[in-house]
Amino acid sequence: MNKEQKIKLLEEKLKKIIEQSIKNKNYEKAMAAIAACAQILYIWNQKYIDLDLEKKIEYLAKVLIPLKINKNMINKNVILFYDNVGEDTRGLSCIYLKALVNLGFKIIYLVSDKKEKKQPEISKILNKDNVICETFSEKKYIKKMLDINSIFYKYKPEIAFFYSTNNDIAGAVVFKAYENIVRRFQINLTDHGYWLGSSMILDYCIEFRDYGAYISNKYRKIEKEKLIKLPFYPYFNKELSFKGFPFDAKNKKIIFSGGSLYKTLGDKDNTYYKIINNILSKHLDVIFLYAGSGKSDELNKLLKLYPNRVYQIAERKDLYQLMTHVTLYLNTYPILGGLMTQYAAIANKIPITLMRKNDVFDGFLVKQQERKIEYTNVDELLKDVDKLLEDEHYRHLRERNLIGSIISEEDFKNAVYDIISKNNTKYDILYKEYHVKEFLKGYVDRADYNDIAFASVAKNSNIILLNNFLDLFIKKNFYKLFKASKKIIEKLRS
């Protein structure tokens with residue numbers, strides 16, 4: 001049985017559990033199975049909507065949330081920002097919250113009690129008289145859902161922003177319940193992939209680029225009238241000081257890259273690592289620095305091949321400051337990094353980006369095609385990198401071409417106001433056809449059945465599914481023990 005068949009069977013089993021659990025009124029188990037199923041659809045990423053799961057959101061909203069406010073009770077100019085992502089500076093929470101707070105609205109910020117104390121930058125933004133911070137529990141799906149609903153009932157917001165993960169069944173159920181009562185804006189963080197609730201949780205969907213709007217309209221079946229375009233900018237703390245490099249950078253050129261390492265894997269030709277190898281072998285004054293974690297076998301080969309010239313570090317809070325001290329930024333491949341591209345551009349460093357034939361990467365920079373950061377083949381990229389490293393005048397000319405490639409903080413704030421006041425922005429959506437077949441195929445090529453099953457089903461939050469998937473839970477723990485033992489042995493040998 002191949003991995004496609006295994007994943008299909010796993011999805012079907014979960015859907016049977018959902019049906020049976022709802023029939024038995026075991027709603028906690030039903031929600032766990034929905035969340036697991038949604039996570040599979042996100043990682044596997046072969047479709048953008050699942051109507052079976054959408055219907056379950058609608059049913060659960062009717063059954064589980066009978067007590068809610070009505071339209072006559074809402075408080076004008078009160079805005080709820082529901083943040084189920086909860087990251088501090090990664091993602092879009094900071095920039096939306098900063099805009100909303102500075103616009104003077106009364107803001108109710110709702111985040112997980114686990115993440116509340118891990119948000120130093122968000123805490124600074126929210127330290128204003130017009131902000132109230134609330135939390136929800138993630139211990140159980142039903143508890144989380146009731147916590148979220150209690151905030152709606154307590155503050156009766158006129159507007160609610162939904163900023164969440166792809167499999168957030170608790171949040172989706174509550175937002176569905178407030179249809180035609182609260183004006184609901186979905187912030188589409190993952191425009192290239194599946195997420196739960198696209199037909200249930202929103203009155204308007206905020207897209208950051210034309211591609212996302214196209215996908216939402218064609219595949220998620222969201223009407224064009226509900227789609228709003230708002231580009232974003234990368235949030236960073238300008239007051240942070242640069243924390244330095246783990247090496248002596250004097251008289252060195254530094255090529256930097258970063259993100260989860262899975263973005264550099266899955267290409268049968270190992271293209272990303274061949275590019276780095278080529279650059280390092282040709283330019284003896286170049287150091288390669290990677291910030292991020294994940295499966296690092298290929299990176300470790302480079303570390304051994306080029307001692308003292310290849311380094312891996314953890315993600316850095318001073319990312320912007322680090323970017324300003326490097327020579328070039330090399331985008332990950334075969335999966336490209338949009339936010340990292342923006343950080344490079346705002347730091348005025350060229351984000352060298354290799355594109356496959358059907359890659360969809362447009363829309364991260366303003367007038368992106370004019371910035372000349374994209375290459376269609378490896379030889380073209382390497383030839384230009386050689387020139388950028390050897391010709392400082394040429395490099396500075398190309399860097400100047402990045403000026404104005406990121407939306408300003410003021411323009412973003414004004415656009416958020418337009419969204420609230422008139423459900424639109426000045427940024428028009430250009431609807432053109434994008435081909436996604438090859439892009440989606442890449443997910444199949446990279447997918448590993450065990451990784452998908454462990455990440456979606458065999459999780460602590462889904463322990464209620466233990467009896468149905470005992471083999472997966474046991475297998476996952478065995479793998480964890482095996483990996484831990486392997487690391488200990490490697491340390492002892494070294």
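Visitor: In this predicted model, which side chain does the side chain of Asn188 join in a polar contact of 3.1 Å?

Guide: Asn188 is placed in the loop between β5 (183–187) and β6 (204–207). The residues it touches, leaving aside those up to four places away in sequence, include Cys205, Phe208, Ser216 and Arg220. The partner in the 3.1 Å polar contact between side chains is Trp195.

Visitor: Is Asn188 buried or exposed?

Guide: A residue is classed as buried when its relative accessible area is under 20%. Asn188 has a relative accessibility of 1%, and therefore it counts as buried.

Visitor: Which residue has its backbone nitrogen 3.4 Å from a polar atom of the Asn188 side chain?

Guide: The side chain of Asn188 has a polar contact with the side chain of Trp195. A polar atom of the Asn188 side chain also lies 3.4 Å from a backbone nitrogen, that of Asp191.

Visitor: How many residues apart in sequence are the parts that Arg209 and Asp191 tie together?

Guide: The side chains of Arg209 and Asp191 form a salt bridge with an N to O distance of 2.7 Å. Arg209 belongs to the loop between β6 and α8 (210–218), and Asp191 to the loop between β5 and β6, so the parts tied together are separated in sequence by 18 residues.

Visitor: What relative accessible area does Asp191 have, and what does Arg209 have?

Guide: Both values fall under the 20% limit for a buried residue. Asp191 is buried at 1%, and Arg209 is buried at 4%.

Visitor: Which residue meets Lys229 in a salt bridge of 3.0 Å?

Guide: Lys229 sits in strand β7 (residues 227–229), and its partner sits in helix α8, 19 residues apart. Both members of the pair are buried. The partner, with an N to O distance of 3.0 Å, is Asp210.

Visitor: Are Glu223 and Lys226 buried or partly exposed?

Guide: Glu223 and Lys226 form a salt bridge whose closest N and O atoms are 3.7 Å apart. The relative accessibility of Glu223 is 38%, so Glu223 counts as partly exposed. Lys226, at 28%, is likewise classed as partly exposed.

Visitor: How are helix α2 and helix α6 oriented towards each other?

Guide: The axes of α2 (residues 27–44) and α6 (residues 141–155) come within 8 Å and cross at roughly 90 degrees. An angle from 65 to 115 degrees counts as roughly perpendicular, and therefore α2 is roughly perpendicular to α6.

Visitor: Which residues of α6 meet α2, and how many residues in the contact are charged?

Guide: From α2, the contact involves Tyr27, Glu28, Met31, Ala32 and Ala35, which meet Tyr141, Ile142 and Met145 of α6. By class, the contact has 7 nonpolar residues, no polar residues and, as for charged residues, 1.

How values were computed. Residues numbered from 1 in each chain as written. Predicted model: local features only at pLDDT ≥ 70, side-chain atom pairs only at ≥ 80, totals over all residues. Heavy atoms only, no water. Axes fitted to C-alpha atoms, helices over the stretch in contact; angles between N-to-C directions. Helix = DSSP H or I, 4+ residues; strand = E, 2+ residues; numbered from the N terminus. Parallel < 35°, antiparallel > 145°, perpendicular 65-115°, else oblique. Contact = heavy atoms within 4.5 Å. Nonpolar A, V, L, I, M, F, W, Y, C, P; charged D, E, K, R; others polar. Buried < 20%, exposed > 50% of the residue type's maximum accessible area, 1.4 Å probe, protein only. Polar contact = N/O pair within 3.5 Å; in protein donor to acceptor, adjacent residues only side chain to side chain. Salt bridge = Lys/Arg side-chain N within 4 Å of Asp/Glu carboxyl O.
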